[in-house]
Amino acid sequence: MGMRAGGKRRLVVPAALGYGERSVGRIPPNAELTFEIEVLEVLTRDD
């Protein structure tokens with residue numbers, strides 16, 4: 001909510017809400033996950 005097309009945000013997920021103590025592929029245990037999000041297009045229910 002509140003983002004428009006072209007908007008950018010950084011989403012940080014603490015380890016407890018991510019994979020926790022598990023290792024998944026190249027992601028080590030207890031890793032904080034960081035995502036860079038960019039809204040490319042906003043669609044409504046009518047689209």
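Trainee: Among contacts in the protein between residues at least 6 apart in sequence, what percentage join residues at least 24 apart?

Mentor: Good place to begin. Keep in mind that this is a predicted model. Among contacts between residues at least 6 apart in sequence, 47% join residues at least 24 apart.

Trainee: How many helices and strands does the protein have?

Mentor: There are two strands and zero helices. Strand 1 covers residues 8-13, and strand 2 covers residues 33-38.

Trainee: And what does the C-alpha trace span along its principal axes?

Mentor: The trace spans about 40 × 20 × 15 Å. Of the 47 residues, 15% count as buried. The protein exposes about 4,500 Å², and carbon and sulfur atoms supply 52% of that area.

Trainee: Let's turn to charges. How many salt bridges does a search of the whole structure find?

Mentor: The general idea comes before the case: side chains of opposite charge can pair when their charged atoms come close. Here the search of the whole structure finds one salt bridge. Glu36 pairs with Arg10, and their closest N and O atoms are 2.7 Å apart. This pair links distant parts of the chain, with Glu36 in strand 2 and Arg10 in strand 1, 26 residues apart.

Trainee: How far apart are the C-alpha atoms of Glu36 and Arg10?

Mentor: Their C-alpha atoms are separated by 4.7 Å. Leaving aside residues up to four places away in sequence, Glu36 touches Arg9 and Arg10.

Trainee: Are Glu36 and Arg10 buried or exposed?

Mentor: Both are exposed. Glu36 counts as exposed because its relative accessibility is 57%, and the cut-off for exposed is over 50%.

Trainee: What about the charges of the whole protein: how far apart are the mean positions of the positive and negative ones?

Mentor: The protein has 7 positive and 7 negative charges, and their mean positions are 4 Å apart.

Trainee: Which residues form a nonpolar patch on the surface?

Mentor: Leu11, Phe35 and Ile37 form it, with about 260 Å² of accessible area together. Leu11 lies in strand 1. With a relative accessible area of 43%, Leu11 is partly exposed.

Trainee: Now for a residue after the strands. Is Val39 buried or exposed?

Mentor: Val39 is found in the segment after strand 2. Val39 counts as buried because its relative accessibility is 17%, and buried means under 20%. Not counting residues up to four places away in sequence, Val39 touches Met3, Arg4, Ala5, Gly6 and Gly7.

Trainee: How far is the C-alpha atom of Val39 from that of Pro29?

Mentor: These two residues are 10 apart along the chain, and their C-alpha atoms are separated by 30 Å. Compare that with Glu36 and Arg10, which are 26 residues apart along the chain with C-alpha atoms separated by 4.7 Å.

Terms used
Residues are numbered from 1 along each chain as its sequence is written. This is a predicted model: local features need pLDDT of at least 70, side-chain atom pairs count only at pLDDT 80 or more; totals for chains, interfaces and linings use all residues. Side-chain values use heavy atoms; hydrogens and water are left out. Patches are made of residues with over 30% relative accessible area and no salt bridge: like charges are joined within 9 Å, nonpolar side chains (Val, Leu, Ile, Met, Phe, Trp, Tyr) within 5 Å. Accessible areas come from the Shrake-Rupley method with a 1.4 Å probe; for residues, only the protein chains shown count as cover. A salt bridge is a side-chain nitrogen of Lys or Arg within 4 Å of a carboxyl oxygen of Asp or Glu. Helices (H or I, at least four residues) and strands (E, at least two) are DSSP runs, numbered from the N terminus. Buried means under 20% relative accessible area, exposed over 50%, partly exposed in between (1.4 Å probe, protein chains only). Contact means heavy atoms within 4.5 Å. Lys and Arg count as positive and Asp and Glu as negative; His and the chain ends are not counted. The place of a charge is taken as NZ of Lys, CZ of Arg, CG of Asp or CD of Glu.
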